[in-house]
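Morning, everyone. Please have the model open on your screens.

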Amino acid sequence: MALMAAIRSMQLLRGGEIITSPYTFSATPAAILFMGYQPVFADVDRQTFCLDPASIARVVGPDTVALMPVDLFGRLADYDRIRQMFPHLPIIQDACQAVGATKDWLRGKVAVWSLNGGKNIPAGEGGMVLTNDDRAAMRARLFVSHAENFEKQARESGYGKNVGINGRLNEITACVAYHGMLDLPKNNRIRRLLADELWRQLKHRSDIEIPSPGEIQHHALYVYPLRVKNTIGAKSFVERMKRLGVEVGRGYITPTLDKYAALPAGRVPLDMARVLSEHELCLLSQVRPPATKADMAYLATCIEAALDGVIPKKLRALGFVAESVF
């Protein structure tokens with residue numbers, strides 16, 4: 001709903017194309033379609049998992065009306081380079097997974113935050129539209145409020161006739177979200193401390209790639225990304241971790257592309273997105289409050305056991321037997 005309101009607030013030429021990432025939750029391209037636009041996928045960068053500006057350049061065309069980068073897993077897209085390369089195109093920032101990554105919350109003309117229960121502001125459900133453009137803010141309010149609650153202000157400001165739907169955040173959820181915003185800096189700081197501890201425990205491993213301390217400082221760490229680089233592959237790693245009692249996610253690319261494969265949305269090979277999804281990337285949701293540094297030490301032990309296929313003494317003492325696990 002927030003993505004739809006953000007698109008509506010921009011007054012884009014109807015029926016045009018919006019370039020976005022294939023490596024995202026399906027709500028991103030779905031919102032584009034619902035609002036009457038065509039999603040066009042560009043490939044992602046292997047290090048950031050966000051839209052690759054060079055790939056955007058290969059799909060920009062005369063029908064392109066906006067860009068919708070996705071800040072994935074807590075990390076921001078390269079907005080400086082995107083703006084430099086495409087100064088004529090407005091940016092709708094899907095920042096649902098990077099809430100509070102930096103003090104500069106707004107990198108596009110409008111941005112969208114998610115308030116889902118697993119996000120950095122866990123209000124249960126809902127979303128927010130952020131903008132410093134008063135007119136865009138009014139158009140978003142009109143859209144989610146049946147164009148009624150703000151109709152007088154809209155008429156006085158020359159907005160003309162508007163229609164909208166009931167997309168408002170309910171009062172109880174808004175109250176929870178308000179207090180979640182107050183706690184956001186503290187909770188994100190805890191996430192970074194936990195991620196730093198996990199990096200310290202695993203920095204000697206050459207067969208995985210994890211966020212460095214430098215990256216962590218500008219990372220909301222919605223989930224913790226881990227790239228498996230050794231021969232077991234991400235799928236086997238996930239299976240081994242689950243046998244150790246640790247749930248690990250795998251990302252979005254396959255369901256997203258399967259759902260939108262029938263659309264004329266792809267013009268370039270999405271090689272990096274497929275490599276990450278099918279072979280390398282794993283997502284850990286345990287690196288967040290109320291976890292502790294001791295939890296990170298245990299998590300690191302499980303990660304190493306899954307990579308090596310060997311149960312260390314500290315896990316055998318808890319009842320894990322190598323033959324029954326691997």
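E280 and R227 form a salt bridge, with their closest N and O atoms 3.0 Å apart. E280 lies in helix α11 and R227 in strand β8 (residues 224-228), so the pair ties together parts that are 53 residues apart in sequence. This is a predicted model: local features need pLDDT of at least 70, side-chain atom pairs count only at pLDDT 80 or more, and totals for chains, interfaces and linings use all residues. Residues are numbered from 1 along each chain as its sequence is written, and side-chain values use heavy atoms, with hydrogens and water left out.

Now the terms. A salt bridge is a side-chain nitrogen of Lys or Arg within 4 Å of a carboxyl oxygen of Asp or Glu. Helices (H or I, at least four residues) and strands (E, at least two) are DSSP runs, numbered from the N terminus. Why pair at all? Side chains of opposite charge can pair when their charged atoms come close. By this rule, the count comes to 11 salt bridges.

Back to E280. Its side chain also meets R46 in a salt bridge, at 2.3 Å from N to O. Here E280 sits in helix α11 (residues 271-280), while R46 is in the loop between β2 (38-41) and α3 (53-59), 234 residues apart.

Are these residues buried or exposed? Buried means under 20% relative accessible area, exposed over 50%, and partly exposed in between (1.4 Å probe, protein chains only). E280 is buried, at 11%. R227 is buried too, at 7%. R46 is partly exposed, at 31%. And there is a network: salt bridges link R46, E209, R227, K229 and E280.

One further pair is R75 with E215, whose closest N and O atoms are 2.4 Å apart. R75 lies in the loop between β3 (64-68) and α4 (79-85) and E215 in helix α8 (residues 213-216), so this bridge ties together parts 140 residues apart in sequence. R75 is partly exposed, at 21%. So is E215, at 27%.

**Now the spaces**

We work on a 1 Å grid over the protein atoms alone. A cavity is a set of points where a 1.4 Å probe fits but cannot get out. A pocket is an open set with protein on both sides within 12 Å along at least five of seven lines. Lining residues have an atom within 4 Å of a point. Grid points are joined across faces, edges and corners, and a volume is the space filled by probe spheres set on the points.

How many cavities of 30 Å³ or more does the structure hold? Two. The largest cavity has a volume of about 120 Å³. Its lining brings back residues from the bridges, including R75, E209, E215 and R227. β8 gives the most to that lining, with three residues. The second largest cavity holds about 60 Å³. Its lining includes D71, L76 and W113.

Last, the largest pocket. It holds about 970 Å³ of space. It is lined by 40 residues, of which A2, V112, W113, G127 and M128 lie nearest its centre. That lining divides into 25 nonpolar, 10 polar and five charged residues. Ala, Val, Leu, Ile, Met, Phe, Trp, Tyr, Cys and Pro count as nonpolar, Asp, Glu, Lys and Arg as charged, and the others, Gly among them, as polar.
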